[in-house]
Protein chains: 2
Amino acid sequence: MSCEICKPKYRPLFETIFWRVHLVPDQAYLGRCVVVLKRHAGTLSMLTADEWKDFGQMVVRIELVINKAFEPDMFNWTCMANDAYLEEYPEPHIHWHIRPRYAKPVALAGIAFEDPDFGKHYDRERKNIVSDDVQRVIRERLLHYA
Amino acid sequence: MSCEICKPKYRPLFETIFWRVHLVPDQAYLGRCVVVLKRHAGTLSMLTADEWKDFGQMVVRIELVINKAFEPDMFNWTCMANDAYLEEYPEPHIHWHIRPRYAKPVALAGIAFEDPDFGKHYDRERKNIVSDDVQRVIRERLLHYA
């Protein structure tokens, strides 16, 4: 097993029983996080009833935290793992991307975080890898409500 | 209330207690379906524990049905509702897109269904709106296993 997702690269923002929520460095969508299943499993069909129940509670918590911190207008949720299938022996590990979406820019740490495609599909080409200092500011604002 | 999603345009493939699964006309990803919550609610935070439990069971069923019918390699799941926010008074209604992804083409009804971006993000520009006849063939193949 060489699954990269099993070895978290970042400190989690918070954890639930079965899920771990991490802020990611690309903050093109302010507050963007990844939600990782704590055990190694590759498809949504493999989730247990308890893991879905806990997922639902995690969704309420992370949406509430981001709503209080940055007041987005809505959220995009995706579960993909496409990259895993570029490997000769795919080892997919269930994880979710949550992208908060904003009708208006949000000013934080001297940066105007914008969402020029609000109301449309997110744009993966538009990246905003923020510095460690800015990540810390975003993280602390979120943790204040977590 | 003028929510378009509350009034289904297509006959469902199948229903569970809280969700309705519809095949969609754009079959760029063979077997692509949309999964609609039967009541009007706008964000994942609003789902009840029972709706999540039923969602998990629906995921097992639709992934199994598509696996048996067309043998994809994996699935992309997304929950967006971006379009709703282009309206002056957004009325989002929770729905999921499921796109089966394929390492190899699948031949059906005289068409080679291909997935040239397998292992990468789906391509929304690549469309394949199939005829009513072809939709019927896809639908019947799926229903055979539903």
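Conventions. I number residues from 1 along each chain as its sequence is written, and I letter chains from A and number ligands from 1 in the order in which they are written. Since the model is predicted, I take local features only at pLDDT of at least 70 and side-chain atom pairs only at pLDDT 80 or more, while totals for chains, interfaces and linings use all residues.

Interface. I looked up the contacts (C-beta atoms, placed from the backbone, within 7 Å) and found 29 residues of chain A in contact with 29 residues of chain B. Helix 1 (49-70) and strand 4 (74-79) of chain A each supply at least two residues of the side that touches chain B, and helix 1 of chain A gives the most, with eight residues. I take helices (H or I, at least four residues) and strands (E, at least two) as DSSP runs, numbered from the N terminus.

Strand pairing. I then turned to strand 4 of chain A, which pairs with strand 4 (residues 74-79) of chain B in the antiparallel sense over three bridges, where pairing requires that DSSP finds at least two bridges between the strands. Within this pairing I noted that A:T78 stands opposite B:T78.

Symmetry. I superposed the copies by least squares on the C-alpha atoms of residues with pLDDT of at least 70 in both, and chain A can be laid on chain B with an RMSD of 0.0 Å by a turn of 180° and a shift of 0.0 Å along the axis. That is the relation of a two-fold axis. Of the residues of chain A, A:T78 comes closest to the rotation axis, at 2.1 Å (C-alpha). I also noted that 100% of the interface residues of chain A are interface residues in chain B as well, so the copies meet through the same surface.

Methods: Two residues are in contact if their C-beta atoms, placed from the backbone, lie within 7 Å.
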